[in-house]
Amino acid sequence: MSEQPIAVVGAGWAGLTAALVLARAGRKVTLIEAAAAPGGRARTVESDGAPLDNGQHILVGACRHALSQMRAVGVNPILALHPVPFRVLMRRRVPDGAPESFLLAPRSTRSRDLGAAFYSAARDASPPRRLVGLLGAWRMLHRPLTRDRSVADWLQANAQPGGLRERFWEPLCLAVMNTPPAHASARVFQNVLRQSLMAGDGAARLLIPRRPLSELFADPALQQLRTLGATIRLSTRVRGIESRGGDGFILTLRGGETLAAGQVVLATAQRSAAHLLPALPALDPLRGELGELGARSICTVYLRYAKALPELPPLTGLLGQHGQWLLPRRLAGDPHRLAVVVSAAEECPMSDAGTRWQRVGRELAETFPGLGQPEQGRVICEKMATLDARPGLDDRRPATRTPLPGLYLAGDFCATGLPSTLEAAVQSGQKAAAAAIIDAIPDLVRRPA
Ligand SMILES: Cc1cc2nc3c(=O)[nH]c(=O)nc-3n(C[C@H](O)[C@H](O)[C@H](O)COP(=O)(O)OP(=O)(O)OC[C@H]3O[C@@H](n4cnc5c(N)ncnc54)[C@H](O)[C@@H]3O)c2cc1C
């Protein structure tokens with residue numbers, strides 16, 4: 001085993017996963033995180049003394065790797081996540097009228113049941129249009145895309161009826177990809193649809209956290225790393241990484257301290273990763289590629305009401321409003337609060353947080369008569385929440401191994417075929433750890449007994 005530790009930079013879900021896999025394999029791990037707490041873009045923050053997530057997160061049953069990592073750190077997903085069968089309920093406010101509802105609720109995700117649900121949900125189209133759309137939907141799920149294109153083009157090419165597009169496919173695309181359909185990669189979207197809708201009812205199930213986000217993985221992961229003997233450095237920003245020409249790396253930390261490492265897993269988001277790559281010409285193309293990956297924002301609007309809220313479905317899509325998805329926080333133990341997700345929030349900038357939450361509160365009151373006005377709002381905007389999932393994204397995402405032996409990338413920006421999600425982050429962390437372990441084997445063999 002290498003004498004020097006392996007340094008993992010970044011304690012988001014990707015870095016924590018990489019560190020755990022390495023530590024469980026007996027490697028000496030040093031995990032370095034700039035923030036005071038782990039979790040990265042999926043963490044709990046404090047608001048007026050109460051825990052709030054930095055963003056409302058949802059998993060699906062298809063997130064097999066993320067769920068198994070949670071289990072491995074002692075979190076029982078059955079208790080920590082509330083399962084909701086795959087169904088899409090949308091609501092649209094109608095000025096001076098009763099709100100409209102739309103429901104796509106297949107009995108199961110078998111092709112026949114999905115087809116029946118699509119057919120009945122496209123009721124505003126003529127029967128022949130509905131049948132053509134049904135065949136198109138079948139193609140979308142079954143025929144792998146050879147050439148990437150935008151989701152909007154793909155829906156058009158597969159004759160999806162207007163109503164179904166507007167009330168089902170487009171909101172689903174925005175939720176899954178955090179990129180509007182006109183700009184989103186059909187290949188990545190298709191991959192998600194195939195992994196969740198074609199792998200049994202369990203894979204399609206939505207899983208809504210019942211516990212603060214940090215408790216789902218980051219905190220217990222850190223605890224397990226400590227038990228395994230890993231060195232944890234929180235509130236420690238890595239300023240630079242230098243290669244020692246085949247003899248490991250020197251990391252410069254905040255304050256000028258240095259740390260020697262045999263291998264490095266760079267598990268920050270893409271911009272920091274580009275910045276931290278050692279200054280070697282061989283890494284310039286990778287630096288350029290990382291710099292070109294765009295990002296998109298998400299704002300989560302938390303609204304607090306004076307009285308406990310009426311029973312609402314666990315997830316409702318909102319049509320024609322500033323926010324796109326509504327989740328009551330009752331599931332997370334707060335019956336007075338709602339969360340509203342604003343995906344790709346840069347598309348609709350607001351002058352300030354107050355304007356944003358008041359608008360969302362007003363629109364909700366019109367959509368759910370009886371809800372009333374919130375007494376308080378809190379908006380958390382993450383400017384670099386996810387990748388901009390444009391067509392061709394997967395060809396531009398970096399692989400785990402960099403051109404510099406011993407230096408690996410992990411993070412939701414790496415090539416996984418998935419959008420930026422917890423599942424992508426965990427898969428990338430597992431891949432980076434596996435590559436580092438495999439690449440260290442010759443050293444182990446050469447070492448004297
Ligand atoms: C508001 C919001 C909503 C989301 N909703 C969902 C959802 O519903 N479902 C889903 O699956 N995903 C969702 N995501 C995406 C998901 O949170 C991310 O894909 C995932 O958390 C990324 O993990 P990561 O480890 O790759 O990166 P990060 O979490 O960004 O981790 C990188 C870590 O590196 C640290 N770091 C950076 N620079 C340095 C440095 N120089 N030195 C040391 N440390 C450094 C950072 O502080 C950070 O902790 C959402 C994200 C946001 C922001």
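Student: In which helix is the place of Lys-431?

Tutor: This is a predicted model, where local features need pLDDT of at least 70, side-chain atom pairs count only at pLDDT 80 or more, and totals for chains, interfaces and linings use all residues. Residues are numbered from 1 along each chain as its sequence is written. Helices are DSSP runs of H or I with at least four residues, numbered from the N terminus. Lys-431 has its place in helix H16.

Student: Does Lys-431 count as buried or exposed?

Tutor: A residue is buried if 20 or more other C-beta atoms, placed from the backbone, lie within 10 Å of its own, exposed if 12 or fewer, and partly exposed in between. Lys-431 has 24 C-beta neighbours inside 10 Å, so Lys-431 counts as buried.

Student: How are H2 and H16 oriented to each other?

Tutor: Axes are lines fitted to C-alpha atoms, for helices over the stretch in contact, and angles run from 0 to 180 degrees between N-to-C directions. The axes of helix H2 (residues 64–72) and helix H16 (residues 422–439) come within 7 Å and cross at roughly 75 degrees. Angles under 35 degrees count as roughly parallel, over 145 as roughly antiparallel, 65 to 115 as roughly perpendicular and the rest as oblique. H2 is therefore roughly perpendicular to H16.

Student: Which residues of H2 make the contact with H16?

Tutor: Two residues are in contact if their C-beta atoms, placed from the backbone, lie within 7 Å. On the H16 side, the contact is made by Leu-422, Glu-423, Val-426, Gln-427 and Gln-430. On the H2 side, the residues are His-65, Ala-66 and Gln-69.

Student: Which residues of H8 does H7 meet?

Tutor: The axes of H7 and H8 come within 11 Å and cross at roughly 95 degrees. From H7, the residues are Cys-173, Val-176 and Met-177. In H8 they meet Val-188, Phe-189 and Val-192.

Student: Why do the buried residues of H5 line one face of the helix?

Tutor: In H5, the buried residues are Arg-130, Gly-133, Leu-134, Gly-136, Ala-137 and Met-140. The arc is that of the directions from the helix axis to the C-beta atoms. Seen down the axis of H5, the buried residues line one face because they fall within an arc of 165 degrees.

Student: Which exposed residues does the face of H5 turned away from its buried side carry?

Tutor: The buried side has cover that includes helices H4, H6, H7 and H8. The face turned away from that side carries Pro-128, Leu-135 and His-142.

Definitions and conventions
Helix = DSSP H or I, 4+ residues; strand = E, 2+ residues; numbered from the N terminus.
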